[in-house]
Amino acid sequence: MHLYIANQLYSSWSLRPWLLMTALDIPFEQTVIAMGFPDTRRQMLDVSPTGKMPCLHDGDVRVWESLAIIDYLADNFPDKRVWPAEKAARAHARAASAEMHAGFTALRSACPMNLGKRFRPRDMGLDVAADVTRVEGLWAEAREKFGSGGDFLYGDFCAADAMYAPVVTRLDTYQIPVMPQARVYMDAVLNHPAFVKWREAGLAEPWTLPHYDEGWMPAEIFHHPNGDA
Ligand SMILES: N[C@@H](CCC(=O)N[C@@H](CS)C(=O)NCC(=O)O)C(=O)O
């Protein structure tokens, strides 16, 4: 299988399937197509019908849209526990992941994923606050009902954790205050070896996209997920 992704520093949608495949030891090759160049659109359209990343190629099969890629992996690797094994947990994880794929637009647009910077805290308004409250409630419910077997939303790392990983990074790098139990979960994701690997690759990239630095003054360069800023 070959996974086409955009910049590892910035592409939250690319992070999701990449993180899942890496965390679950699903083998794949990857190509990064950098955003922001004159021929980016053409390069992306060559490999993905939407001209957006990620896109998974498996022989003649092409799967675009991060959530569809995750379901394709679940179909093809039933022993890998892409989704939780237990039916109620699986339904909850799928609903949470669909909610992520379709929603949280205020948080997503106010805080573009940028793994290379930490931003000074600021009031981001009621819509972002409502998204954060919903995320905290959802995570708490998943952890309480289904998460006792491990550090992640449904115990072991699964697709829902991959879907929410870019929310974790946003809450962290934008220094948005969260409840203590949410912070514990965030640290589990930020310290997962697969995420550490992704972030290191992103930090080594030569490309800078000014749009992702916009919003307000970056506080400082990001050195460690748990570092002070
Ligand atoms: N709904 C899509 C979103 C894909 C998407 O918007 N990808 C962005 C990167 S995060 C992209 O490829 N943008 C193209 C560009 O900026 O040139 C998914 O879930 O995969």
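Analyst: Domain bounds come from an automatic or database domain assignment. The assignment for this protein gives domain 1 (2-80) and domain 2 (87-199). This is a predicted model, in which local features need pLDDT of at least 70 and side-chain atom pairs count only at pLDDT 80 or more, while totals for chains, interfaces and linings use all residues. Residues are numbered from 1 along each chain as its sequence is written.

User: How do you know which residues of domain 1 and domain 2 take part in the contact?

Analyst: Two residues are in contact if their C-beta atoms, placed from the backbone, lie within 7 Å. By that rule, 14 residues from domain 1 and 18 residues from domain 2 take part. Helix 1 gives the most to the side of domain 1 that touches domain 2, with eight residues. The C-alpha centres of the two domains lie 20 Å apart.

User: What makes a stretch a helix, and where is helix 1?

Analyst: Helices are DSSP runs of H or I with at least four residues, numbered from the N terminus.

User: Why is a set of residues called a nonpolar core?

Analyst: The set is called so because its members are buried Ala, Val, Leu, Ile, Met, Phe, Trp, Tyr and Cys residues joined through C-beta atoms within 7 Å. Buried means that 20 or more other C-beta atoms lie within 10 Å of a residue's own; exposed means 12 or fewer, and partly exposed lies in between. The largest nonpolar core has 65 residues, and Leu19, Leu20 and Ala93 are among those that touch the most other members. Helix 7 (residues 159-173) gives the most to this core, with nine residues. Leaving aside neighbours within four places in sequence, Leu20 is in contact with Ile70, Leu73, Val82, Ala159 and Ala162.

User: Why are the buried residues of helix 8 said to line one face?

Analyst: In helix 8 (residues 180-190), Ala182, Tyr185, Met186 and Val189 are buried. Seen down the helix axis, these buried residues fall within an arc of 100°, so they line one face of helix 8. The arc is that of the directions from the helix axis to the C-beta atoms. These residues pack against helix 6 (126-146), helix 7 and helix 9 (193-203).

Conventions
Helix = DSSP H or I, 4+ residues; strand = E, 2+ residues; numbered from the N terminus.
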